[in-house]
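Subject: Handover of a structure, with notes

Dear colleague,

Here is the structure I promised to pass on to you.

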Amino acid sequence: MDKTTRPQKAILVTGGSRGIGRAICLALADLEMPVFVNYARQRDAALQTCAALADAGATGIPVQADVADQEQVTRMFAEIREQGYWVHTLVNNAGIVADNIAATMSGEQWRGVLSTNLDGAFYCCRAAMGSMTVRKGGRIINVSSVSGLQAQVGQVNYAASKAGVLAMTRGMALELGRYNVRVNAVAPGFIDTEMLDQVRSTERGAQMLAQPGQHIPLGRLGQPEEVAGVVRFLCSKAAGYITGQVIVVDGGLNV
């Protein structure tokens with residue numbers, strides 16, 4: 001980038017190659033900023049998201065980094081800057097599950113989920129803050145989960161990571177408000193994505209998903225676009241006075 005050229009605003013969606021992440025990328029296509037589609041390993045899926053953004057009249061740019069690795073996050077943000085952009089809108093969506101009951105949960109299962117879901121969100125927030133505070137503006141939306149509000153059997157690690165995301169969101173909202181940076185979270189319930197396949201692999205999960213009407217007041221699974229729509233709202237001017245909040249998108253599961 002020419003040092004005399006001012007960096008332009010951009011959007012970064014972590015875990016944007018598929019599922020909820022892809023739906024979020026497409027929901028933000030009309031914000032007139034390029035969308036950096038982060039992926040850890042699935043480059044082909046990220047390219048498909050970029051192609052869908054192009055079809056919607058937006059610019060999608062794939063960017064690789066495993067957000068659990070802070071050095072890779074630092075490199076990712078450096079690459080974005082080198083292309084002439086700064087992250088004005090950050091959506092921390094990347095997440096994994098590794099379900100097991102606590103008594104038999106391995107250290108790898110515990111640490112792996114916390115590293116991606118919580119540490120990764122923190123690394124990305126920290127990397128984005130500098131540009132946001134200097135420019136007195138920005139938006140951070142962290143994708144948490146109803147598991148961070150209501151415990152589920154076999155998800156001690158996942159629940160801890162997502163509860164941590166909610167606490168982090170509130171703390172950062174307090175710290176960044178003076179810089180006109182809004183920090184909010186969304187907490188999806190059972191959304192019909194590939195991640196639910198791991199939930200279906202457990203007996204309780206299979207029963208719940210087979211008969212969602214017995215557990216979810218709206219009687220069905222959610223769709224990725226329904227989460228993405230809430231993220232889009234939080235990015236809009238209509239949400240200009242909202243920060244430090246969590247919006248639950250779960251069909252009434254957590255009522």
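In what follows, a residue is called buried when its relative accessible area is under 20%, exposed when it is over 50%, and partly exposed in between, with a 1.4 Å probe and protein chains only. Helices (DSSP runs of H or I, at least four residues) and strands (runs of E, at least two) are numbered from the N terminus. This is a predicted model, in which local features need pLDDT of at least 70 and side-chain atom pairs count only at pLDDT 80 or more, whereas totals for chains, interfaces and linings use all residues. Residues are numbered from 1 along each chain as its sequence is written, and side-chain values use heavy atoms, with hydrogens and water left out.

I begin with helix α2. Its buried residues are Ala-45, Ala-46, Thr-49, Cys-50 and Leu-53. Seen down the axis of α2, these buried residues fall within an arc of 145° (taken over the directions from the helix axis to the C-beta atoms), so they line one face of the helix. An α-helix has 3.6 residues a turn, so residues three or four places apart point the same way. Asp-44 and Asp-55, on the other side of α2, are exposed. The buried residues of α2 pack against α1 (19–27), β2 (35–39) and β3 (60–64), where contact means heavy atoms within 4.5 Å. The length of α2 can be checked too: at 1.5 Å a residue, its 13 residues (43–55) should span 18 Å, and its end C-alpha atoms are 18 Å apart, which agrees; the expected span is 1.5 Å times one less than the number of residues. After α2 comes Gly-57, with a positive phi near 85°.

Most residues other than glycine have a negative phi. Glu-32, however, has a positive phi near 60°; Glu-32 sits in the loop between α1 and β2 and counts as exposed, at 77% relative accessibility. Lys-136, which is not a glycine either, has a positive phi of about 55°; Lys-136 belongs to the loop between α4 and β5 and, at 48% relative accessibility, counts as partly exposed.

On a 1 Å grid over the protein atoms alone, a cavity is a set of points where a 1.4 Å probe fits but cannot get out, a pocket is an open set with protein on both sides within 12 Å along at least five of seven lines, and lining residues have an atom within 4 Å of a point. Grid points are joined across faces, edges and corners, and a volume is the space filled by probe spheres set on the points. For residue classes, Ala, Val, Leu, Ile, Met, Phe, Trp, Tyr, Cys and Pro count as nonpolar, Asp, Glu, Lys and Arg as charged, and the others, Gly among them, as polar.

Two cavities of 30 Å³ or more are counted by this rule. The largest cavity has a volume of about 60 Å³, and of the 13 residues that line it, the closest to its centre are Asn-92, Asn-93, Ala-94, Asn-117 and Ala-121. The largest share of this lining, four residues, comes from α4, and by class the lining has six nonpolar, six polar and one charged residues. Asn-92 lies in strand β4 and is buried, with a relative accessible area of 6%; among the residues that Asn-92 touches, not counting those up to four places away in sequence, are Thr-14, Ala-121, Cys-124 and Asn-142.

The second largest cavity holds about 50 Å³ of space. Its lining includes Phe-77, Tyr-85, Trp-86 and Ala-127, with α3 (70–82), β4 (85–92) and α4 each supplying at least two residues. By class, that lining divides into seven nonpolar, one polar and one charged.

The second largest pocket has a volume of about 320 Å³; of the 15 residues that line it, Lys-9, His-88, Gly-138, Arg-139 and Asn-180 are the closest to its centre. The lining of this pocket has three nonpolar, six polar and six charged residues.

Finally, Leu-176 lies in helix α5 and is buried, with a relative accessible area of 4%. Leaving aside neighbours within four places in sequence, Leu-176 is in contact with Met-129, Thr-133, Ile-140, Val-181 and Val-183.

Best regards
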